[in-house]
Amino acid sequence: MIADIDAILESYRGRGREALLPALWDLQGAQGSISPENVHRISHILRVPEADIYGVIGFYTLFHDEPTGRRIIRVCADPTCALVGADDVLHELCDRLSLSGDGSTPDGEYTVEHSPCLGMCDYAPAALVSERGEHDIALPRVTVDDLLDKRDGAYFTPAGDDESVLLDPSLDAAPQTLAGYGDYRALRQAIFEQSPEQVISAVEASGLIGRGGAAFPTGLKWKFTRGAAGDIKYVVCNADESEPGTFKDRVLMEQRPHLLLEGIALAAYAVGTGKAYIFVRGEYPNATAILASAIREAEAAGALGEGIMGSDFALDIEIRRGAGAYICGEETALFEAIEGKRGFPRMKPPYPTTFGLFGAPTAVNNVETLCAIPGIVRQGADWFRRFGTAESAGTKLVSVSGHVGRSGVYEIQPGITLRRFLDDYCGGVIGELRTVLMGGAAGTFLLPDEIDVPLTFEDLRAAGSTFGSGAIMVFNRSTDLRDLLRRLGLFFQHESCGKCFPCQLGTQRQVEILERLEAPRAGDRERLHDIGLTMSEASICGLGHTAALAVLSALEKFPEIFDAKE
Amino acid sequence: MTDETITLTIDGKPISVPKGATLLDAAQEAGIDIPVICYHEATSPNGLCRVCVVDVDGGRVLQPACVAECGADTRVETRNERVERSRRTILEMLNASVNLEQAPEIQDMMADYSADDERFPDARRRESELIDDNPFYVRDYEQCVLCWRCVQVCAEDAQFTFALTLKNRGHETSVATAFDISMTESPCVFCGQCVGVCPTGALKPKVEWGIEQGWSSEEMRQQTRRKRKKDAG
């Protein structure tokens, strides 16, 4: 073991703070936690103060500075998994291990924790299992026996979808492999037939807007980055998909890794860089492994790496693993994480296109956004605009979960109404519909008489709702809405980074009130209203701005649940 | 800053400021008071506390005056209904978590904004034991508002000592040394700058604390002097 640690530490010699998260992952992988001794040693190698490293470990929930069990089991506690009994799994697990709650067994075998959404709502209830010395695995539809058994490392791959541009209709073709995906034709075409400016023009003309939630025009972002002063630039793929109810990016990475890599390569060619990062959330070990293997395969085939396809374009794509922090989906917090710091969002301006990763101009794009690029380059902007509407061009992935016949990731043409989509594609609502939560935990509720809204960015915005990251969570009349709100409140309390006062304090004050919804105090509605507007208007970043959206929406749509329970 | 000036309106008053000036600079120039908690002239501004937020052109979100630069021809309102609600609610929520008894400036702000000091009953407070681990100062993190100033002056803003960090996150964040070791085991050089920039009673010179405790002069000597090597022999 000591030799292992020595080897790990030596492998980081010569690197700096940016290597901190990878180093902590490696150290923890060897010993289950990160000891003061190892912090001391890595501090000298990376030249990072020990106090800072301690601060970083404490920020990310997947890092431990105290001994853990040999197997760490994290069971999802968020709304969709709760609907199918995740709490029961967690309780029974604790019972069988004689634990009173989150914690470790005295024999050092097991640590049990509850986890924020693991992005497997289509396979609820889900759990993430970390066995010391082995790769983490994400487990679908777990039972207590699954979690206690010795599992082999076989990871699961979700089923494909019927009509797809982004998704692969024929999983038999093994789209994870380069042979199944085919040559990087769009990249070849761009490198040999198009200037970077032409690629950017095509993306601008396509009308593609960001699929991560903020809906910023992708072509414009690239144009700004390319035009920004500076010799060093970066492309960053934001694969920190952590919005509860959202799992489309996981499915894309697991099913179509080469589509993403080709999209990243095109982005790098367009903005003018030879270095790209993919920041994958720590809870997605399967996707991370598939991407790593795909990168090796593409490099071996000359589609990535030095002298791509015989040209002078080179690209190094590096995967960075997150360590348990929803806030790192915020682009500037993500940069901080890659730089080896606590994932605090930065003040904007300056924006990433001028001052991004390591202070250099950076194009940061969501997985799904980048996956749309090869098609646009190969088949043209007009082809892409054939799908969807003028303002919501192209197809869009949505993640559907909860009380529907078939949950999963669907590729839709924006414009279809929510009602038709649920009926025709998802096997309809199970039971009588109570509400649809659009956009995830940072989303808003739609009532049964509001689901004729067309699924487009513009129509949802006009209806006071949001497409967000494309999460659609469906709840029937059996759902306890107070419990749902409480879980959303717990999620934000757990995930607030603590930087700005409105969100740090507001997410705490909000959940305190949501936990007493059955027996509220006089004035709680007004308190929630003031907290919600203060977070929305005064917070530093998107997390705080949206941490009360669902609560404010519930105050409007379900005023009765804020009265004492009868 | 360049010589270029821009013009904007603050609370109805037209004002010209150098390009690059913050809204806080401009407000001071116009004689308008904007409250601040985390902001300190000697530390890098981070826009954390958000009590300095102002309304710029009725935008979707309010702007932190301490860091947001003035925009040409903008209309700034420093104390409308939205601004008042945010400031009051932040102060009420802060007061529910933190002991502000020894923070008179924040107390004044609470009075100014009619903040109710019992607005959030049954709130979880950030509780911690007083830390008395060195001869120079004591740490009472129940009074810490997380302005970050101490961490900043200990690091790149002044001393480059890096004894302090932030641990945990969200509401459970606190200022700490690595693995919570005592200050005497940490790299701390007892420069005292952290105590100097603390806006509350969270960091306090030991002498001041001793006076509050009613120590005799003998006790004070014992508690605040480090044993010198020659004495120890």
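Five domains divide chain A: domain 1 (2-59), domain 2 (71-148), domain 3 (171-385), domain 4 (396-476) and domain 5 (481-562). The bounds come from an automatic or database domain assignment. The C-alpha centres of domain 2 of chain A and domain 5 of chain A lie 27 Å apart. Each of these two domains gives 5 residues to their contact, where two residues are in contact if their C-beta atoms, placed from the backbone, lie within 7 Å. On the domain 2 side, 4 residues are nonpolar, none is polar and 1 is charged. Here Ala, Val, Leu, Ile, Met, Phe, Trp, Tyr, Cys and Pro count as nonpolar, Asp, Glu, Lys and Arg as charged, and the others, Gly among them, as polar.

The structure is a predicted model: local features need pLDDT of at least 70, side-chain atom pairs count only at pLDDT 80 or more, and totals for chains, interfaces and linings use all residues. Residues are numbered from 1 along each chain as its sequence is written, with chains lettered from A and ligands numbered from 1 in the order in which they are written.

The C-alpha trace of chain A spans about 70 × 60 × 45 Å along its principal axes. Of the contacts in chain A with a separation of 6 or more, 71% join residues 24 or more positions apart.

Chain A also touches chain B. The contact takes 38 residues from chain A and 36 from chain B. On the chain B side, α2(B) gives the most, with 9 residues. That side divides into 19 nonpolar, 10 polar and 7 charged residues.

Technical notes
Helix = DSSP H or I, 4+ residues; strand = E, 2+ residues; numbered from the N terminus.
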